[in-house]
Amino acid sequence: GSLRIKILPASIGKIIHFRKLDLSDNNYIEVLPNSITKLYNLQTLDLSDCYRLKELPKKFTNLVNLRVLRLDGCENLTLMPFIITWMSKLIKVNHS
């Protein structure tokens with residue numbers, strides 16, 4: 001089944017010890033809170049099949065320990081050029 005999270009709370013940025021965050025298969029979430037960029041220890045972020053996700057936060061590049069980013073199936077996602085450049089430094093990126 002798919003996740004039914006419509007809004008990710010801004011307080012997620014306070015959980016600084018997250019290493020993996022799986023929000024895949026979420027048909028509701030359209031934006032991520034800016035506070036997600038405070039998850040400095042995050043190594044894996046799975047956003048695959050988040051059909052309604054439109055953009056990533058502008059300070060997304062603050063996720064300096066991110067190694068795996070899954071964006072496949074994010075059909076409405078617009079990637080800003082600086083994000084594309086930054087993503088080239090990741091170990092694994094899936095984006096369709």
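What follows is a set of questions and answers on this predicted model.

User: In what order do the helix and the strands of the protein run from the N terminus on?
Analyst: The protein has 1 helix and 4 strands. Among them are strand β2, made of residues 44-46, and helix α1, made of residues 81-87. Read from the N terminus on, the order of the elements is β-β-β-α-β.

User: What percentage of the residues of the protein count as buried?
Analyst: A residue counts as buried when its relative accessible area is under 20%. The protein has 96 residues, and the share of them that count as buried is 39%.

User: Which element gives the most residues to the largest nonpolar core?
Analyst: The largest nonpolar core has 26 residues, and Leu32, Leu47, Leu56, Phe60, Leu66 and Leu69 are those with the most contacts inside it. The element that gives the most to this core, with 3 residues, is helix α1. In soluble globular proteins, nonpolar side chains tend to be buried together. For the core in this model, the element asked for is helix α1.

User: Which residues does leucine 47 contact, leaving aside its neighbours within four places in sequence?
Analyst: Leucine 47 is among the residues with the most contacts inside the largest nonpolar core. Leaving aside neighbours within four places in sequence, its contacts are Leu23, Ser24, Leu32, Leu53, Leu56, Leu69, Arg70, Leu71 and Cys74.

User: Is aspartate 46 buried or exposed?
Analyst: Aspartate 46 lies in strand β2. Leaving out residues up to four places away in sequence, aspartate 46 touches Leu21, Asp22, Leu23, Ser24 and Arg70. Its relative accessible area is 9%, and the limit for a buried residue is under 20%. Aspartate 46 is therefore buried.

User: With which side chain does the side chain of aspartate 46 make a polar contact?
Analyst: A polar contact needs a pair of N or O atoms within 3.5 Å. For the side chain of aspartate 46, such a contact is found at 2.6 Å, and the partner is the side chain of serine 48.

User: How many residues apart in sequence are the parts that arginine 70 and aspartate 46 tie together?
Analyst: The side chains of arginine 70 and aspartate 46 meet in a salt bridge at 3.6 Å, N to O. Arginine 70 lies in strand β3 and aspartate 46 in strand β2, so the pair ties together parts whose separation in sequence is 24 residues.

User: Which residues do salt bridges that share partners join into one network?
Analyst: Arginine 70 meets aspartate 46 in a salt bridge of 3.6 Å, N to O. The side chain of arginine 70 also meets that of aspartate 72, at 2.8 Å, N to O. These salt bridges share partners, and the network joins Asp46, Arg70 and Asp72.

User: What distance separates the C-alpha atoms of tyrosine 40 and asparagine 65?
Analyst: Tyrosine 40 is in the loop between β1 and β2 and counts as partly exposed at 43% relative accessibility. Not counting residues up to four places away in sequence, tyrosine 40 touches Asn62, Val64 and Asn65. Tyrosine 40 and asparagine 65 are 25 residues apart along the chain, and their C-alpha atoms are separated by 6.4 Å.

Key: Residues are numbered from 1 along each chain as its sequence is written. This is a predicted model: local features need pLDDT of at least 70, side-chain atom pairs count only at pLDDT 80 or more; totals for chains, interfaces and linings use all residues. Side-chain values use heavy atoms; hydrogens and water are left out. Helices (H or I, at least four residues) and strands (E, at least two) are DSSP runs, numbered from the N terminus. Buried means under 20% relative accessible area, exposed over 50%, partly exposed in between (1.4 Å probe, protein chains only). A polar contact is a pair of N or O atoms within 3.5 Å; within protein, one must be able to donate a hydrogen and the other to accept it, and residues adjacent in sequence count only if both atoms are side-chain atoms. Contact means heavy atoms within 4.5 Å. A nonpolar core is a set of buried Ala, Val, Leu, Ile, Met, Phe, Trp, Tyr and Cys residues joined through side-chain atoms within 4.5 Å. A salt bridge is a side-chain nitrogen of Lys or Arg within 4 Å of a carboxyl oxygen of Asp or Glu.
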